[in-house]
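Subject: Structure handover and findings

Hi,

My notes on what turned up follow below it.

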Amino acid sequence: MAAQTGSLDSRFYQTADRFFAAQFHRALTFDDLTLATLYSEILPRDTQLDTQLAEGLQLNIPVISSDMDTVTESRMAIAMALNGGLGLIHYNMPERQQLSEVSRVKFHVPGMIQEPIKVAPDQLIAEVLKLIEERKFGFSTFPVVDAKGKLVGLLSGHVVKPRYAKRKIAEAMTPRGQVHTINKKELGKDPIARADKFFTEQPGIHKLLVVDGTDHLRGLFTMSDVERISHERREQFKPARDAQFRLVCGAAVSATRNAFGELDRERILAHVGGLVERGVDAVAVSTAHGHSKGVGDTVKMLRDAFPGLPIIAGNVTSAAGVQFLAERGASAIKVGQGPGSICTTRIVAGVGIPQMTALYICSRAAAKKRVTLLADGGITKSGDIVKALTLADAVICGGLFAGCPEAPGEVMEIGGKLYKQYRGMGSLAAMKAGSAARYGHAQDPTQKVAPEGVEALKEVSGSVDRVLAQLIGGIQSGMGYLGAANLEQLRAKARFIRVSAAGIKEAAPHDVVELKTGN
Ligand code: XMP
């Protein structure tokens, strides 16, 4: 009987190979299919989400933030790595700036405010009160530094009061000799534990200043941050770190051409050399058409110059594209042409493959070539991620993070609602800002170009921590339903079936008046 029911299930709920082979005439995306549930002894909270993308690049959650200029700079990359994922810093900025963005992530000390707000000894307390009022600071204690950044004292919140307004900071501050500091070098491998110990040993002191060997201010710990982080540490998914315990960080590079239209080898190598020096964990050769000579030559050149560097390359949607990039030395390959929420490639150029079919085809070539796959674009909900992870090693998301406070860009208010800008890297505005090469166009924005992305808005969302908590919860539920303890088991156990148009409607809330979304 069990054998009969098993074979009944397997006729309808098919393995990826059988399912996609049977659909060979039709390209499918996330909503076109669903996953069958299976006998499970796995509780969602016990599932493991770690994924190895390349030798030396291990993430604790399979989620990457997109290399887009409205999604990932250092702040986003830090938040992603702290949650166990990876951020890819975009390249629509001067090369020098991209280097320092990577440094910010690599030198980020969790809990340490790297650039604390400082005041100068000859300022008046009145100026500090005004600063607090204007910038809406929720704190009133400030390190005092001289014109060269050297620490000269600490202005305690106890004296930042209107009654002292006319006094100079130098008269009211705690002088340097009485200020508690620690040398950055003494923070060791676990700065939070070190700061935590300090606060226990010094009752009543809530701020610890970090200085370098020449007494210049390098950072600040507050007791409340340290307590919050110590608490979070007990959480399941640890930050993604390199072998030296620094947060991981990726950076996108473009296949830049020189004035003669040739690949600008020297410039690309010099820049990637700089990124490697700063400790970058992966570079992503990001283009709209990865199965092309320029991208292949760039990947090969980087592989020859940096044999151990994880190289992400793309984007492709064919087995031949995966094979091509793998043979040139890519470690992880981005799959996705046109699925992105701000993409118009399919409309403008008439090309691109719906994401689940593209992922299936690419996954079979990736397995042969022993490279990993990243599902890039089109993900709007955690269920999409579960489906993508049945064929890929991690997902790349843009739109899901573009509304977070950690994404670059200002918040704007329209009709009482708050929004942030989100634009395609192939939109005219982004190409003008530098990303034209990604879409194979000349850098000169005055030339006629056909944009392949739109400029849009995203409603402001919660922090990356909150967005990821929702997504991770969803992925873990999906794995629980399939009885998969880890991502390898998810890939092995996944069974697929097509969904009808009515089935898609049935899957979303229906026939109710919705008062609250699930988030
Ligand atoms: P989501 O759906 O997460 O997609 O917002 C993000 C991914 O979309 C790709 N991307 C583009 N694709 N035109 C395109 O065709 C564009 O202007 C564009 N900008 C970004 C990219 O792969 C990103 O990770």
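A salt bridge here is a side-chain nitrogen of Lys or Arg within 4 Å of a carboxyl oxygen of Asp or Glu. Side chains of opposite charge can pair when their charged atoms come close.

First, the ground rules. This is a predicted model: local features need pLDDT of at least 70, side-chain atom pairs count only at pLDDT 80 or more, and totals for chains, interfaces and linings use all residues. Residues are numbered from 1 along each chain as its sequence is written, and side-chain values use heavy atoms, with hydrogens and water left out.

Two more terms. Helices (H or I, at least four residues) and strands (E, at least two) are DSSP runs, numbered from the N terminus. Buried means under 20% relative accessible area, exposed means over 50%, and partly exposed lies in between (1.4 Å probe, protein chains only).

**Salt bridges**

The search of the whole structure gives 20 salt bridges.

D17 and R364 pair through their side chains, at 3.0 Å from N to O. This pair links distant parts of the chain: D17 sits in helix α2 and R364 in helix α13 (residues 355-369), 347 residues apart. D17 counts as partly exposed because its relative accessible area is 41%. R364, at 35%, is partly exposed too.

K334 pairs with D67, and their closest N and O atoms are 3.3 Å apart. Again distant parts of the chain are linked: K334 is in strand β16 (residues 332-335), D67 is in the loop between β4 (63-65) and α3, and 267 residues separate them. Buried or exposed: which are K334 and D67? Both are buried.

D281 and K106 form a salt bridge with closest N and O atoms 2.6 Å apart. D281 is in the loop between α9 (265-277) and β14 (282-286) and K106 is in helix α4, so the pair ties together parts that are 175 residues apart in sequence. D281 has a relative accessible area of 8%, so it is buried. K106 is buried as well, at 2%. The pair belongs to a network of salt bridges that links K106, D242, R246 and D281.

**Second largest pocket**

Rolling a probe the size of a water molecule over the atoms shows where empty space is left. A pocket is defined on a 1 Å grid over the protein atoms alone: an open set of points where a 1.4 Å probe fits, with protein on both sides within 12 Å along at least five of seven lines; lining residues have an atom within 4 Å of a point. Grid points are joined across faces, edges and corners, and a volume is the space filled by probe spheres set on the points.

The second largest pocket has a volume of about 1,700 Å³. Its lining has 39 residues, and I78, A79, L82, H108 and G111 lie nearest its centre. The elements giving two or more residues to this lining are α3 (74-82), α4 (95-106), β6 (112-113), β12 (217-222), α8 (223-232) and α17 (464-482). By class, the lining has 16 nonpolar, nine polar and 14 charged residues. For those classes, Ala, Val, Leu, Ile, Met, Phe, Trp, Tyr, Cys and Pro count as nonpolar, Asp, Glu, Lys and Arg as charged, and the others, Gly among them, as polar.

**Backbone points to check**

Most residues other than glycine have a negative phi, and most peptide bonds are trans. Which peptide bond is cis? The bond from G314 to N315, with omega near 0°. N315 lies in strand β15 (residues 311-316).

D215 is not a glycine, yet has a positive phi of about 65°. D215 is in the loop between β11 (207-211) and β12. F245 also has a positive phi, near 70°. F245 lies in the loop between α8 and β13 (250-253), and is partly exposed at 35% relative accessibility.

**Other positions**

L468 lies in helix α17. L468 is buried, at 1% relative accessibility.

V454 lies in the loop between α16 (428-432) and β21 (455-459). V454 is partly exposed, at 34%. V454 and S341 are 113 residues apart in sequence, but 9.0 Å apart in space, C-alpha to C-alpha.

Best regards
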